[in-house]
Structure formats: C-alpha cells, structure tokens
Amino acid sequence: MGLLKSQVAESWAIDSESWPLEDQESAVQQIDQVLAVFEGCFGHELLMQRRVIMKHSLIEEPYTHALKDDIKPKNTFEVYLVNVINNPSRFYYQAAHEFSHVFTGCYPEMISFNWISECLCSAATFYVLKKLSSKSEYESIIESPLRQRRNWTSLKDYYCSNGDELGKDPYGQIDESTQTRPRNDMIATWFLEVIEQNPSGWKSIARMKDSDINLQNFANDAGDSTGAYLVLWYVQCESDCERLFAEAISGQIGYSFTLKDPPDHINC
Ligand SMILES: [Zn+2]
C-alpha cells in the first residue's frame, strides 16, 4: 500500500492506491488543514496516538471504522472520505466529522448514546469550517441550523421533547441535496458554543469510552442511563479543561454535576 503521510501528524496517511492520482496532493493539503485545527486543540501527542489510513469512499458517503483486530484501546482506524476536493468546505465538513470519530473511538457501543457523539462530531465540523472557510461561506452553511434552533429555548428543551427519538435514531435524516443532517447540525450549534468557549477541553471526546465500565455503577447517582453515560465520560476526563467541557455539554442536555474540588483558577 502506498502511503502519503500527513505533514501535521505522520501517523495519519492517505492510501494513494485508493485515491485518484490527480487529486492526491490537494487531498493531503486539505486534510492537513483540518488536522492543524485539531492539533491546535488536542496537541500533537494525541494525534500521534492514533494511526489512521484515509481511503476514497466509493459509496458517496464518508465513514470511519476501527480495525477489528486491533488491541484495546482502539487506536487504528480507516477513514473513508468522499472525493470532493473541488469543494473545500464540503471536504472540511466530512473530514472534521470523521476525524472526530477517530477520537471518540468511532461510536459508543450502546446506540442510545450515539447521538451525543454524533452531534459533537458535527459541532467539530462547524468549528473547523469557521476557521478554514470564508466568513460568508461559513455563515451560509450554519444559517439553516441556527434558524431551526429558534423553535426551542434550549437543547434541554429540545431533548425533553425528543430524547426518545434521539436514542433510537442517532443520525437523523440526511438532506440529499447538501449531504448534511439538519437535525444533528441544529444540535451541533449548541455544542459548538462549548467548543468555542473551551477549545482545549474539546479533546475530552477522546475519553468517551463506554465498553469497559458498567454503566449501572453510575446510573443511581445520575438518574438514568444517559446521565450515567455522561457521568462516565466526565470521570474519565484527564484534566480540568476536559471535565469543564464534559460538564458544560451535560448541562446543555439537562444533567448537572460539577467538579468536586474546583481549582481557584482554570486556564482553558
Ligand atoms: Zn458520524
């Protein structure tokens, strides 16, 4: 397999045999632009802890999967991207979303929580687009989800009415004309606020592991299984910035818990 390595993190590479030759250089450039934004928030070390092979998706839909024979923790991934090199904003949109899945370890094993990581991945998309696209292009992309969100006073309000549906269908319907998922993009606009307030806490998505710990241990304190999942995420965070991030996302959904011993000053 021929590999074209990222300049930002060399453990990330394009499988050159799967990409059209004439688009390979642009693909690596655009991938590196997205990875540079991740590196700014996550740090170089966390990027290098993942081994990622990027391939050309032939099904016109991007997706990510962890290699099955990998040992835990999962850290080797294949990311399939659609070749939309001539439309950089669309390329950033899909790459930022899929790269986020690399850090969440793909998808929680219990489907009822997948909507949380899905919408965090979509929020990452907006964060990256805001940095890399023109102001007018970014505004035109986020305008519709922001308009849709005006029907609700808060994410908690939306979750109270739609929590069951979110638990059953974490992806929401796709808009074929724009290849976006309007419902999740709407939720992502709330999560985006947390990333923008605390960009270095965003890497807490790398702590969203749910397979090794029994959620029941947390369910009593948290009230229900979604609350338990959020507490589990919170307790696996590795810094105050990350805990603040998990706390803020949980608070938006309507679950509150706080740092046990908050430091006097948190520099996030
Ligand atoms: Zn996704």
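Visitor: How many bridges join β1 to strand β2, and in which direction do the two strands run?

Guide: Strands are DSSP runs of E of at least two residues, helices runs of H or I of at least four, both numbered from the N terminus, and two strands pair if DSSP finds at least two bridges between them. Here three bridges join β1 to β2 (residues 12–15), and these strands run antiparallel, with Leu3 standing opposite Asp15 in β2. This is a predicted model, in which local features need pLDDT of at least 70 and side-chain atom pairs count only at pLDDT 80 or more, while totals for chains, interfaces and linings use all residues. Residues are numbered from 1 along each chain as its sequence is written.

Visitor: In what order do the five strands form the sheet, and which are the edge strands?

Guide: The open sheet has the order β1-β2-β3-β5-β4, with mixed pairing, and its edge strands, β1 (3–5) and β4, each pair on one side only.

Visitor: Which strands does helix α1 lie across?

Guide: Angles run from 0 to 180 degrees between N-to-C directions, along axes fitted to C-alpha atoms, for helices over the stretch in contact, where contact means C-beta atoms, placed from the backbone, within 7 Å. Helix α1 (residues 24–42) lies across β1, β2 and β3, at about 155° to β2, while helix α3 (residues 88–103) lies across β3, β4 and β5 (76–81), at about 165° to β5.

Visitor: Is Glu60 buried or exposed?

Guide: A residue is buried if 20 or more other C-beta atoms, placed from the backbone, lie within 10 Å of its own, exposed if 12 or fewer, and partly exposed in between. Glu60 is exposed, with 9 such atoms within 10 Å, and lies in the loop between β3 (51–56) and β4 (63–66).

Conventions
Two residues are in contact if their C-beta atoms, placed from the backbone, lie within 7 Å.
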